[in-house]
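The sequence and the structure are shown below.

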Amino acid sequence: MPLFQGHKDSGLQRLFIEMPDNEKNKIAWKWPDQQIIQHSLVNVDLDYLAVFTNLGKVIGTLGPGRHPLDEGASLTLGWLVDRLTGDAYYDAELYFVTTRDIANQEFGGPVDNLTDGPTGLVVSLRVFGELAFRVTDPSVLLAKLIGTDGVEDFNGAISTWVEDQALAAIRAVLPDLVSEHGVLAMGQLQDATGDAALAKANEKLVAYGLALTTFAELNVNLPDADAQQMKQFAAAKAYTGVAGSFDSAVRGEAALEIAQGVSNGNVGAQPGIVAGMMMGVPVAPTAPVAPAANIPTAVPAPTAGA
């Protein structure tokens, strides 16, 4: 029986196994032919690893370079399942998995309602940024995350999993940081937040043959309403620190407003004066008004019997 009988429709292209150019940006890519012909030549790029599986298990890997799958190679490697019948092929699935860093992965979303330590206010935090990760063990990645059940979008499944773990790690480390340093200090603590989240996320990702390598950007911020509340509280606290107490700060602010109104001749400042007096704000007495010149005073009429 001819060696390649049954493969006439594919021609010689089945003898040269490599990733197409339009697929080389992917994290993982599966060779479409499960029957790998003996004497094939496998071309593995510098930033990829070829992983062979059979019956859902990883049975071997090939690093970068050109690898002929002749009889001698198969016997030396000892892991390809050789179904040498008249068709002469290895019954195995082949995956190309990248070993480079996958960068510019955007992520983000709501974190949680947290208590700001310095102010005691409850705020809703959000986080946005970019991260980079890499495949540390292609065999474990295929066995535990991707599987061999024909998942089409390897890139989407892997990236989404890493982004979810990164967000979960940030949610875990932020409460302590916010409680100790406060929300307003999060910009200065970007590196500390990233390092803590990196270590926390990799505790989970290592079991799937993945690792988070860096946060290119990590922006922890507040919704507009919470940000305005924090600014108002900070302003009130600043006034209190100068005046000595919150009550003194309020009185001082009222006194400034009264003085400004009186100096401008604003009669509308009168209610402010009354309010200030009620709060104990000292108000300088006004000078008595002198009678106008050349205006005769009224003489009281005599009464009966006077």
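A crossing of two helices counts as right-handed if the near helix is turned clockwise from the far one by less than a right angle, and as left-handed if the turn is anticlockwise. In this predicted model, helix 3 passes helix 4 in a right-handed crossing.

Two packed helices are described by the angle between their axes and the distance between the axes. For helix 3 (residues 154–181) and helix 4 (residues 190–205), the axes come within 8 Å and cross at roughly 130 degrees. Angles of 65 to 115 degrees count as roughly perpendicular and those over 145 as roughly antiparallel; helix 3 and helix 4 are therefore oblique to each other. On the helix 3 side, the residues in contact include W161, V162, I170 and L177, and among their counterparts in helix 4 are T193, A197, K200 and L205. Classified by residue type, this contact has 13 nonpolar, two polar and two charged residues.

An open sheet is built from four strands in the order 2-10-5-6, with antiparallel pairing. Strand 2 and strand 6 are its edges, each pairing on one side only. On average, neighbouring strands of the sheet are turned by 25 degrees against each other, direction ignored.

| Strand | Residues |
|---|---|
| Strand 2 | 28–30 |
| Strand 5 | 48–54 |
| Strand 6 | 57–62 |
| Strand 10 | 93–98 |

Three bridges join strand 2 to strand 10 in the antiparallel sense, and K30 has Y95 in strand 10 as its bridge partner. Helix 2 (residues 138–146) lies across strands 2, 5, 6 and 10, and runs at about 50 degrees to strand 5.

Technical notes:
Residues are numbered from 1 along each chain as its sequence is written. This is a predicted model: local features need pLDDT of at least 70, side-chain atom pairs count only at pLDDT 80 or more; totals for chains, interfaces and linings use all residues. Side-chain values use heavy atoms; hydrogens and water are left out. Two strands pair if DSSP finds at least two bridges between them. Helices (H or I, at least four residues) and strands (E, at least two) are DSSP runs, numbered from the N terminus. Axes are lines fitted to C-alpha atoms, for helices over the stretch in contact, and angles run from 0 to 180 degrees between N-to-C directions. Contact means heavy atoms within 4.5 Å. Angles under 35 degrees count as roughly parallel, over 145 as roughly antiparallel, 65 to 115 as roughly perpendicular and the rest as oblique. Ala, Val, Leu, Ile, Met, Phe, Trp, Tyr, Cys and Pro count as nonpolar, Asp, Glu, Lys and Arg as charged, and the others, Gly among them, as polar.
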